[in-house]
Amino acid sequence: MNEIFFDSVKPSDVKLQLGAWCKSLRQRKGISQEELATNLNLSRVTIHHLESGRNSTLETFLKVLNHFQELEGLYAYLTEKTAEKDVKSLY
């Protein structure tokens with residue numbers, strides 16, 4: 001089953017999805033990439049790269065989520081997943 005997962009979902013797919021999520025959050029608030037970048041002390045190009053699924057840092061992604069009050073939800077999800085007793089090994 002794990003082999004199917006790795007064959008069907010690629011890291012580039014996940015980066016695109018994360019970027020789309022960030023873009024959606026920004027657009028729902030009605031702010032431009034420039035405004036978001038200024039609020040986070042980042043460049044507009046950095047925001048553009050994140051939203052387009054290009055190489056960006058985890059730090060940038062987390063800053064954007066924090067700005068839109070989504071970081072706690074992600075943290076809660078990760079904490080829940082980490083605590084699960086039925087974790088299957090990838091090896």
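R26 is buried, with a relative accessible area of 7%; buried means under 20% relative accessible area, exposed over 50%, and partly exposed in between, with a 1.4 Å probe and protein chains only. The model is predicted, so local features need pLDDT of at least 70 and side-chain atom pairs count only at pLDDT 80 or more, whereas totals for chains, interfaces and linings use all residues. Residues are numbered from 1 along each chain as its sequence is written, and side-chain values use heavy atoms, with hydrogens and water left out.

R26 is found in helix α2. Helices (H or I, at least four residues) and strands (E, at least two) are DSSP runs, numbered from the N terminus. Setting aside residues up to four places away in sequence, R26 touches I31, S32, Q33, L36, E51 and F68; contact means heavy atoms within 4.5 Å.

**The chain as a whole.** The chain has six helices and zero strands, and its elements run α-α-α-α-α-α from the N terminus on. Of its 91 residues, 20% count as buried. Among contacts between residues at least 6 apart in sequence, 53% join residues at least 24 apart. The chain exposes about 7,000 Å², of which carbon and sulfur atoms supply 56%; accessible areas come from the Shrake-Rupley method with a 1.4 Å probe, and for residues only the protein chains shown count as cover.

| α3 (residues 33–40) | Q33, L36, A37 and L40 | within 100° |

The arc is that of the directions from the helix axis to the C-beta atoms. In α3, the buried residues fall within an arc of 100° seen down the axis, so they line one face of the helix. What covers them includes α2, α4 (44–51) and α5. Just after α3, N41 takes a positive phi of about 60°.

Q69 follows α5 and has a positive phi, near 55°.

**H48 in α4.** H48 has its place in helix α4 and counts as partly exposed, at 33% relative accessibility. Leaving aside neighbours within four places in sequence, H48 is in contact with Q33 and R54. The C-alpha atoms of H48 and Q33 are separated by 6.9 Å, with the two residues 15 apart along the chain.

**The largest pocket.** The volume of the largest pocket is about 280 Å³. A pocket is an open set of points on a 1 Å grid over the protein atoms alone, with protein on both sides within 12 Å along at least five of seven lines, and its lining residues have an atom within 4 Å of a point. Grid points are joined across faces, edges and corners, and a volume is the space filled by probe spheres set on the points.

The pocket is lined by 11 residues, of which V14, K15, L18, L58 and F61 lie nearest its centre. By class, the lining has six nonpolar, three polar and two charged residues. Here Ala, Val, Leu, Ile, Met, Phe, Trp, Tyr, Cys and Pro count as nonpolar, Asp, Glu, Lys and Arg as charged, and the others, Gly among them, as polar.

Methods. 1 Å grid on protein atoms, 1.4 Å probe; cavity = no way out; pocket = protein on both sides within 12 Å on 5 of 7 lines; lining within 4 Å.
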